Amino acid sequence: MKIFTATLAIIFLVLGLFSRSNAQDKKLNTVNLGYSAISGSFAPLWVAFDQGLFTKHGLDLKMAYIQGNRVMMAALTANEVQLYQGGAEGLIRLVSGGGDGIFVATQYNFVGHYVLMTDPSISQLEDLRGKRIALDPTSPTYGYMLKVLEKVGLKKEDVSFVQFGTAGQPERAMAVLRKQAAATILTAPNTYAAEKQGLKKFSIIRDLGIRQLITVTATTKRFLREKRDAVDGFLRAYVEALSYVKSHRDPTLKVIAKYTRQRDPEVLSKFYDDLVPDLPRMPYIDEASARATVEAMQLQGPPLPKVDVKALFDNSLLKAIEADGFLDKIKAQ
């Protein structure tokens, strides 16, 4: 843990240099945030950072990419990060085991932007029988894949799940392109790039209408209690960024290209057109989606202790932000 702590501290030091001088001048709240994937779904977060919205709302935010649920939860528990954006499952497992954590926002309450990508030889999903699937069995995408298999009459025993590299989307896509696996699940803009390279796209995951918390924002109850103004500032910047992304196409495309290193304008444009309709005005957490996320985890195992779903999330800050007319204020800018 000491090695991890020192390494993470260096990451935040480097990534926070651009905001340090502003923080000294304005006495901003310093907050470390981790995000869990190089996926265009994080565009509102990246836009808020690059457009200075966190500084505008009182934060000196230092942001770092942290891969893996265990690493992210270790960082949150050790107070190396005070906020994170990413999957819900790690925090639910942490809280079910007595750990400290709470959701304060979610970008999606349904699984809409995950896509099954396969080797071109797969003409129908039943052809996956006996094949290797490039997915981490501890990730949320594993659960989505189980639902896909069930829909086409297959069981998890009918395929083999294999983790490649660090289980990131580029590694998984490359495994299928190299025919080391027959399928994986990706998000845009990775999906469009993979399709251009010859992989086949199946939209079955969206068609299944799976309720789930996707791209959550979470913190600890202790941090929320002691630094409520910092969490409020983060959410205001994030809500403003959601609105900005919808109305500023070209600047958003530049930010997505910067963080994903995707340079193909066709891929970026296609992703933007798919992203915007699903973005919420206010990223409220739906109790039904939170409950469905917990239930899916129970089915996938290992079993969780009893979880109080209502205690997993707090929409009060977002409600206060909406009640004070914040959406009208940013619309008028």
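Trainee: Which helices and strands each supply at least two residues of the lining of the largest pocket?

Mentor: Helices H5 (69-77), H6 (89-96), H7 (140-151), H8 (169-177) and H15 (287-300) do, and so does strand E10 (211-219). Helices (H or I, at least four residues) and strands (E, at least two) are DSSP runs numbered from the N terminus. Note that this is a predicted model, where local features need pLDDT of at least 70 and side-chain atom pairs count only at pLDDT 80 or more, while totals for chains, interfaces and linings use all residues. Residues are numbered from 1 along each chain as its sequence is written, and side-chain values use heavy atoms, with hydrogens and water left out.

Trainee: What counts as a pocket here?

Mentor: On a 1 Å grid over the protein atoms alone, a pocket is an open set of points with protein on both sides within 12 Å along at least five of seven lines, whereas a cavity is a set where a 1.4 Å probe fits but cannot get out. Lining residues have an atom within 4 Å of a point.

Trainee: What volume does the largest pocket have?

Mentor: About 1,100 Å³. Of the 45 residues that line the largest pocket, the closest to its centre are Asn-69, Asp-136, Thr-138, Ser-139 and Pro-140. The volume is the space filled by probe spheres set on the grid points, which are joined across faces, edges and corners.

Trainee: How do the lining residues divide into nonpolar, polar and charged?

Mentor: There are 19 nonpolar, 21 polar and five charged residues. Ala, Val, Leu, Ile, Met, Phe, Trp, Tyr, Cys and Pro count as nonpolar, Asp, Glu, Lys and Arg as charged, and the others, Gly among them, as polar.

Trainee: Moving on to rings. How many aromatic pairs are there in the whole structure?

Mentor: The search finds ten. One of them is Tyr-35 with Trp-46, edge-to-face at 5.8 Å centre to centre and 75 degrees between the planes. Rings of Phe, Tyr and Trp (its six-membered ring) pair if their centres lie within 6.5 Å; planes under 30 degrees apart count as stacked, over 60 as edge-to-face and the rest as tilted.

Trainee: Where do Tyr-35 and Trp-46 sit in the chain?

Mentor: Tyr-35 is in strand E1 (residues 29-35) and Trp-46 in helix H3 (residues 43-50), eleven residues apart.

Trainee: Is Tyr-35 buried or exposed?

Mentor: Tyr-35 is buried, at 7% relative accessible area, and Trp-46 is buried at 0%. Buried means under 20%, exposed over 50% and partly exposed in between, with a 1.4 Å probe and protein chains only.

Trainee: Why is the pair of Tyr-35 and Tyr-65 classed as stacked?

Mentor: Because their planes are at 25 degrees, with the ring centres 5.8 Å apart. Tyr-65 lies in strand E2 (residues 59-65), so the pair ties strand E1 to a part 30 residues away in sequence. Tyr-65 itself is partly exposed, at 32%. Ring pairs link Tyr-35, Phe-42, Trp-46, Tyr-65 and Tyr-259 into a cluster.

Trainee: Now the core. Which residues have the most contacts inside the largest nonpolar core?

Mentor: Leu-45, Leu-116, Leu-128, Met-145, Ile-205, Phe-234 and Leu-235, in a core of 79 residues. Helix H12 (residues 228-247) gives the most to this core, with eleven residues. A second, separate core has 24 residues, including Ile-66 and Met-297. A nonpolar core is a set of buried Ala, Val, Leu, Ile, Met, Phe, Trp, Tyr and Cys residues joined through side-chain atoms within 4.5 Å.

Trainee: What is Leu-235 in contact with?

Mentor: Leaving aside neighbours within four places in sequence, Leu-235 is in contact with Val-104, Ala-105, Leu-317, Leu-318 and Ile-321. Contact means heavy atoms within 4.5 Å.

Trainee: And Ser-289, buried or exposed?

Mentor: Ser-289, which is in helix H15, is buried at 0%. Residues up to four places away aside, Ser-289 touches Asn-109, Arg-211, Gln-212 and Leu-213.

Trainee: Backbone next. What is phi of Lys-179?

Mentor: Near 65 degrees, a positive value in a residue other than glycine. Most residues other than glycine have a negative phi. Lys-179 lies in the loop between H8 and strand E8 (183-187) and counts as exposed, at 58%. Asn-79 also has a positive phi, of about 65 degrees, and lies in the loop between H5 and strand E3 (83-86).
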